[in-house]
Structures are given as structure tokens and as C-alpha cells.
Amino acid sequence: MSDFPPLTELAAQEEELQLRSFTNDDAWALGAALVARARDDALPVAIEISRHSHQLFHAAMTGATPDNDAWIARKAATVHRFGHSSLYVGQRSREAGTTFEEQFGLDPQQYVAHGGGFPLLVRDVGPVGVVVVSGLPQVEDHAMVVAALRDLAAQQSA
């Protein structure tokens with residue numbers, strides 16, 4: 001899964017994956033679902049969920065390294081700054097014929113537009129936090145987050 005999804009698809013995901021609310025219990029459920037998937041597939045990922053920059057969940061699976069935490073911080077900073085998934089931000093630059101680094105000139109030790117960071121969006125409120133996965137190829141990190149958010153949104157609608 002190395003092809004980048006088009007910006008229109010990434011924007012549609014952000015519209016679709018708006019939650020009714022986001023509580024500490026929701027953070028736990030979302031984190032536990034991501035950990036279960038990582039365990040089932042033996043994925044070497046780190047996972048972090050925060051609300052208003054307050055860390056509510058963090059896990060590092062077998063094979064994850066401290067580097068993954070650095071990637072998480074950089075992806076989360078990008079989501080906070082731009083209000084979109086980190087993959088969306090990178091794809092917007094790619095579709096504009098440039099790179100994130102060239103377009104914005106931000107410190108690469110602080111910001112990275114690689115997939116895996118996704119805003120936690122509450123309908124009629126806006127962004128309240130970030131969920132980030134790091135450890136897989138970036139499109140797979142992103143897809144893992146999207147699948148877990150889709151399940152959480154469905155549970156809230158049930």
C-alpha cells in the first residue's frame with residue numbers, strides 16, 4: 001500500500017470521521033482497538049492519543065522504538081498546525097507539485113507530513129485532539145487510524 005490516496009479521498013475521510021463526542025473513555029476504546037489490531041497482526045507500532053495536548057493514551061508494541069515517539073510528536077505537531085491529517089498535509093503539497101518541506105520551510109525536527117496523524121474531530125465543535133500511529137509505511141499508519149476511527153464513529157452512532 002504505497003500509492004498515496006488523492007486529496008479528495010483524504011478530505012472525505014475527515015468529513016466522515018467526525019465523532020459525536022470524545023471522552024477519556026473514548027480515548028481508551030480507540031487506543032485499545034489500535035493495540036488489538038497491532039497485536040493481532042504483530043505490528044511494530046507506537047500509538048498516542050491526546051485531547052487538547054493532554055496525553056490520554058500511549059502504547060508501544062513489540063518492535064516499536066523511541067524513534068516512533070519522535071515521529072508521533074512531529075506528526076501530531078503537523079496535525080495541530082494545519083488542522084488536517086498529516087497524510088492530507090503531505091498530499092496537498094504533492095498535488096501542488098512540491099514537497100511539504102519546500103512549501104512551508106518548517107523545522108523538520110518539529111514537523112513532518114507523513115501519514116499516521118489524524119485530527120480527532122467532534123461534529124459541530126471541530127478538532128479536539130489527535131490520534132497518531134507510527135511504525136509502518138506512512139499510508140498504512142494512516143489506514144490503521146482511519147479504520148479504528150471508523151469503528152469508533154459507528155459505535156457512537158449505534
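In this predicted model, Phe100 has a relative accessibility of 5% and therefore counts as buried. Phe104, by contrast, counts as partly exposed because its relative accessibility is 30%. Phe100 and Phe104 lie 4 residues apart in helix H5, so about one helical turn separates them.

Aromatic pairs number 4 in the structure. One of them joins Phe100 and Phe104 in a tilted arrangement, with 5.5 Å from centre to centre and 45 degrees between the planes. Together with Phe82, these residues make up one aromatic cluster.

Phe100 and Phe104 also take part in lining the largest cavity, along with Glu101, Gly105, Leu106, Asp107, Pro108 and Tyr111. Sorted by class, this lining comprises 5 nonpolar, 1 polar and 2 charged residues. The space inside the largest cavity is about 30 Å³, and the structure contains 1 cavity of 30 Å³ or more.

Nonpolar side chains tend to be buried together in soluble globular proteins. Here the largest nonpolar core consists of 30 residues, and Phe22, Leu30, Val45, Leu120 and Val131 have the most contacts inside it. Two or more residues of this core come from each of helix H2 (24–40), strands S2 (46–51), S3 (54–60), S4 (117–122) and S5 (126–134), and helix H6 (138–157). The highest contribution is that of H6, with 7 residues.

For Val131, neighbours within four places in sequence being set aside, the residues in contact are Leu30, Leu34, Glu48, Ile49, Gly116, Gly117, Phe118, Leu120, Val145 and Leu149. Among these contacts, Leu30 and Leu120 are also listed with Val131 among the core residues that have the most contacts inside the core.

Definitions and conventions: Residues are numbered from 1 along each chain as its sequence is written. This is a predicted model: local features need pLDDT of at least 70, side-chain atom pairs count only at pLDDT 80 or more; totals for chains, interfaces and linings use all residues. Side-chain values use heavy atoms; hydrogens and water are left out. A nonpolar core is a set of buried Ala, Val, Leu, Ile, Met, Phe, Trp, Tyr and Cys residues joined through side-chain atoms within 4.5 Å. Buried means under 20% relative accessible area, exposed over 50%, partly exposed in between (1.4 Å probe, protein chains only). Contact means heavy atoms within 4.5 Å. On a 1 Å grid over the protein atoms alone, a cavity is a set of points where a 1.4 Å probe fits but cannot get out, and a pocket is an open set with protein on both sides within 12 Å along at least five of seven lines; lining residues have an atom within 4 Å of a point. Grid points are joined across faces, edges and corners, and a volume is the space filled by probe spheres set on the points. Ala, Val, Leu, Ile, Met, Phe, Trp, Tyr, Cys and Pro count as nonpolar, Asp, Glu, Lys and Arg as charged, and the others, Gly among them, as polar. Rings of Phe, Tyr and Trp (its six-membered ring) pair if their centres lie within 6.5 Å; planes under 30 degrees apart count as stacked, over 60 as edge-to-face and the rest as tilted.
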